[in-house]
Amino acid sequence: MTEKIEHIEEHRDDFAAKLGMWIFIFTELLLFGGLFLVYSVFRFAHPQEFHQAALELNVTFGAVNTVVLLISSMTIAMSLTALQKNNKKLSMLLLSITIVLAFVFLVNKYFEWGVKFREGLYPGSALMFKLEHGQLIYFSLYFFMTGLHALHIIVGMTILSIILYRINKGTVNPGKYVFLENGALYWHLVDLIWIFLFPLLYLIT
Amino acid sequence: MNEHATHITSYKTLGVILVTLLSLTCITILVTSLELHVWNVVLALVIACIKGFLVVTYFMHIKHENILLKILVGMVFALFALIIIITFFDYLYR
């Protein structure tokens, strides 16, 4: 019996897995960090035009999405707690809520962008080129940064769905949950980026 | 299993952090709706940094992580702060 257990034991290093995830997160932080830097420099160069353009954004859409993301960040952290406490059902429920909230975020973003598109404001549109230089830069950055962030939401939803499937199957379980931990880290990263995007794009005018 | 017991963050802690984050969001929206000129930007960014710190510390479990991870995370944020500072030194004194 003991011999058998020794054979089953696989090579596993949860800390290394987490360290790898963090290193990936660092590259993501610096990717968005670079964009924040571009934003700050152009804001410094065109303060008046950035002010005008920022007034065009709808704070309500941004605020609702902030609340949605913050709640989803808590539910996934709780999902990990639930799995660590051996409560598979609750863990799966909380993970599902997180995925639903991610979808709500995207729907909200769809409506937010929809309004802008109907006004004729989208990358490459005729209206964009009629704007002043600073405003053109502001809206280009707005679409690029929120678009890249939305792409991260879609990737996050995919990862979380795979984790949900694997918890259900039992390959992610109370004794082996580093995959959920890393997926949660990715989701918190998406939340962390939004925490900075929201004031920079929507609130500071 | 791991040699040292993994720390499990309680539901209560996570709930308290969420309430704090939501309150800070409300405060940011209120503060930026006032006309405080440069202070709008400063306050919004300071509050965003506090929120970011809470997310990294509690949601991302850095508080109970290995010292190596703590140092690495600190260094990455310090690196980004340096990049911002150096860039603006360049812009302000050009």
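Helices are DSSP runs of H or I with at least four residues, numbered from the N terminus. The model is predicted, so that local features need pLDDT of at least 70 and side-chain atom pairs count only at pLDDT 80 or more, while totals for chains, interfaces and linings use all residues. Residues are numbered from 1 along each chain as its sequence is written, and chains are lettered from A in the order in which they are written, with hydrogens and water left out of side-chain values.

**View 1. The largest pocket and the helices that line it.** Helix 2 of chain B contributes 11 residues to the lining of the largest pocket, the most of any element. A pocket is an open set of points on a 1 Å grid where a 1.4 Å probe fits, with protein on both sides within 12 Å along at least five of seven lines, and lining residues have an atom within 4 Å of a point. The space in this pocket comes to about 1500 Å³, taken as that filled by probe spheres set on the points. Among its 48 lining residues, Phe196(A), Leu200(A), Ile204(A), Val41(B) and Leu45(B) are the closest to the centre.

**View 2. The two cysteines Cys26(B) and Cys49(B).** With a disulfide defined as a pair of cysteine sulfur atoms within 2.5 Å, the count over all chains is 0. The sulfur of Cys26(B) has its closest cysteine sulfur in Cys49(B), 19 Å away, which is too far for a bond.

Technical notes: Helices (H or I, at least four residues) and strands (E, at least two) are DSSP runs, numbered from the N terminus.
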